[in-house]
Amino acid sequence: MSEAFHAGFACLVGRPNAGKSTLTNALVGQKVAITSSKPQTTRHTVRGILTTEHAQLVLVDTPGLHKPRTLLGQRLNDVVRETLLDVDVIGFCLPADQRIGPGDTFIARELAEIRQGRRRPVVAIATKSDRVDKDRLAEHLVAIDGLGDWDDIVPCSATRGDQVDTVAEVLMSHLPVSPQLYPSDVHTDEPDAVMIAELVREAALEGVRDELPHSLAVVVEEITPREGRPADKPLLDVRVNVFVERSSQKAIIIGRGGSRLREVGTNARTAIEELLGQRVYLDLHVKIAKDWQRDPNQLSKLGF
């Protein structure tokens with residue numbers, strides 16, 4: 001490894017639904033973080049790893065910083081703040097199709113304090129550039145410039161691939177000289193069970209009411225190889241519990257005659273088989289954990 005090799009950690013921050021997970025996946029080149037049209041999808045940090053000839057960028061995707069209304073919300077904000085203190089560079093995502101608001105100003109103030117105390121470089125990233133015309137994008141970039149003192153400002157579209165390589169190059173330019181941290185063929189350090197739970201939650205979030213994402217938690221109970229299968233046709237049995245807070249929410253997830261749950265299972269199984277590279281039998285169960293977002297004991301049991 002030459003002395004010119006750079007490696008380190010980058011954290012993408014922004015208010016909920018700013019495009020952080022989509023950008024993480026685009027930078028890495030494969031799905032390592034779940035995405036959804038619903039805000040506040042990400043529950044814990046997910047590391048995506050991008051390796052080039054000259055650098056390795058370890059991306060830490062965080063929940064969106066927001067004004068917490070529950071104990072879960074407070075814990076998610078704590079996760080973000082702890083992560084910001086441990087990384088080498090911060091990417092601040094500000095979606096181009098939304099005006100800069102109080103949430104962005106709140107995050108900008110927090111980042112200004114971190115820059116002063118820890119001297120962490122901050123790159124402002126204008127995400128979702130494909131959703132606006134050139135004049136609106138230019139206006140957005142001027143507003144971002146006025147929001148704080150940034151080391152760089154880069155517009156990009158993760159869904160269309162515009163300037164994603166530029167975002168990677170700019171973030172990597174702020175990494176320290178370091179040996180490679182992960183093997184070149186590793187794209188995430190998340191355990192399979194965590195990735196499976198996230199894929200089930202992503203499938204369950206699609207097409208449901210707005211209030212449900214905050215009430216949905218997924219726990220993988222068991223992953224076991226099916227006995228008696230031919231060596232060239234292995235099958236994994238995956239047992240997963242989906243937790244909601246109320247019986248009305250359970251009915252939404254299951255759907256009429258179980259139709260919704262079958263759809264969730266089919267979509268999740270396809271994604272899990274792609275992740276693991278083998279056939280899977282997915283056994284889904286929907287359970288009620290009353291008011292788990294406000295109960296410290298239940299939060300701990302569910303991994304928060």
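Two strands pair if DSSP finds at least two bridges between them. Helices (H or I, at least four residues) and strands (E, at least two) are DSSP runs, numbered from the N terminus. The model is predicted, with pLDDT of at least 70 needed for local features and 80 or more for side-chain atom pairs, while totals for chains, interfaces and linings use all residues. Residues are numbered from 1 along each chain as its sequence is written, and side-chain values use heavy atoms, without hydrogens or water.

**View 1. The whole chain.** The chain holds nine helices and nine strands. Of its 304 residues, 48% count as buried, where buried means under 20% relative accessible area, exposed over 50%, and partly exposed in between (1.4 Å probe, protein chains only). The chain exposes about 14800 Å², with carbon and sulfur atoms supplying 47% of that area; accessible areas come from the Shrake-Rupley method with a 1.4 Å probe, and for residues only the protein chains shown count as cover. Among contacts with a separation of 6 or more, 72% are between residues 24 or more positions apart. A contact means heavy atoms within 4.5 Å.

View 2. Three strands form an open sheet in the order 7-8-9, with mixed pairing. Strand 7 (217-225) and strand 9 (279-288) stand at the edges with a single partner strand each, so one side of each has no neighbour in the sheet. From one strand to the next, the twist averages 20°; axes are lines fitted to C-alpha atoms, for helices over the stretch in contact, and angles run from 0 to 180 degrees between N-to-C directions. Strands of a sheet pair through backbone hydrogen bonds, either parallel or antiparallel. Strand 7 pairs with strand 8 (residues 235-244) in the antiparallel sense, over eight bridges. Valine 218 stands opposite valine 242 of strand 8.

**View 3. Two helices on the sheet.** Helix 6 (residues 192-205) packs on the sheet and touches strand 7, strand 8 and strand 9. The direction of helix 6 makes about 125° with that of strand 7. Helix 8 (residues 259-276) also packs on the sheet, touching strand 8 and strand 9. The direction of helix 8 makes about 135° with that of strand 9.

View 4. A salt bridge is a side-chain nitrogen of Lys or Arg within 4 Å of a carboxyl oxygen of Asp or Glu, and a search of the whole structure finds eleven. Glutamate 198 forms one with arginine 201, the closest N and O atoms being 3.6 Å apart. Both residues lie in helix 6, three residues apart, about one turn of the helix. An α-helix has 3.6 residues a turn, so residues three or four places apart point the same way. Glutamate 198 and arginine 201 are both buried.

View 5. Aspartate 283 forms a salt bridge with arginine 239, and the closest N and O atoms are 3.4 Å apart. The pair links distant parts of the chain, with aspartate 283 in strand 9 and arginine 239 in strand 8, 44 residues apart. Aspartate 283 is partly exposed at 24% relative accessibility, and arginine 239 is partly exposed at 29%.

**View 6. Helix 1 and the glycine after it.** Seven of the nine residues of helix 1 (residues 20-28) are buried, so the helix is largely enclosed by the rest of the structure. The buried residues are Lys20, Ser21, Leu23, Thr24, Asn25, Leu27 and Val28. Just after helix 1, glycine 29 takes a positive phi of about 95°.

View 7. A disulfide is a covalent bond between the sulfur atoms of two cysteines. With a disulfide taken as a pair of cysteine sulfur atoms within 2.5 Å, the count comes to zero. Cysteine 93 is in no disulfide, and the nearest cysteine sulfur, that of cysteine 156, is 7.1 Å away. Cysteine 93 is buried, with a relative accessible area of 0%; cysteine 156 is also buried, at 1% relative accessibility.

**View 8. Two loop residues with positive phi.** Lysine 128 is in the loop between strand 5 (122-126) and helix 4. Its phi is near 60°, a positive value in a residue other than glycine. Lysine 128 is buried, with a relative accessible area of 14%. Glutamine 163 is in the loop between strand 6 and helix 5 (164-173), and its phi is near 65°. Glutamine 163 is partly exposed, with a relative accessible area of 38%.
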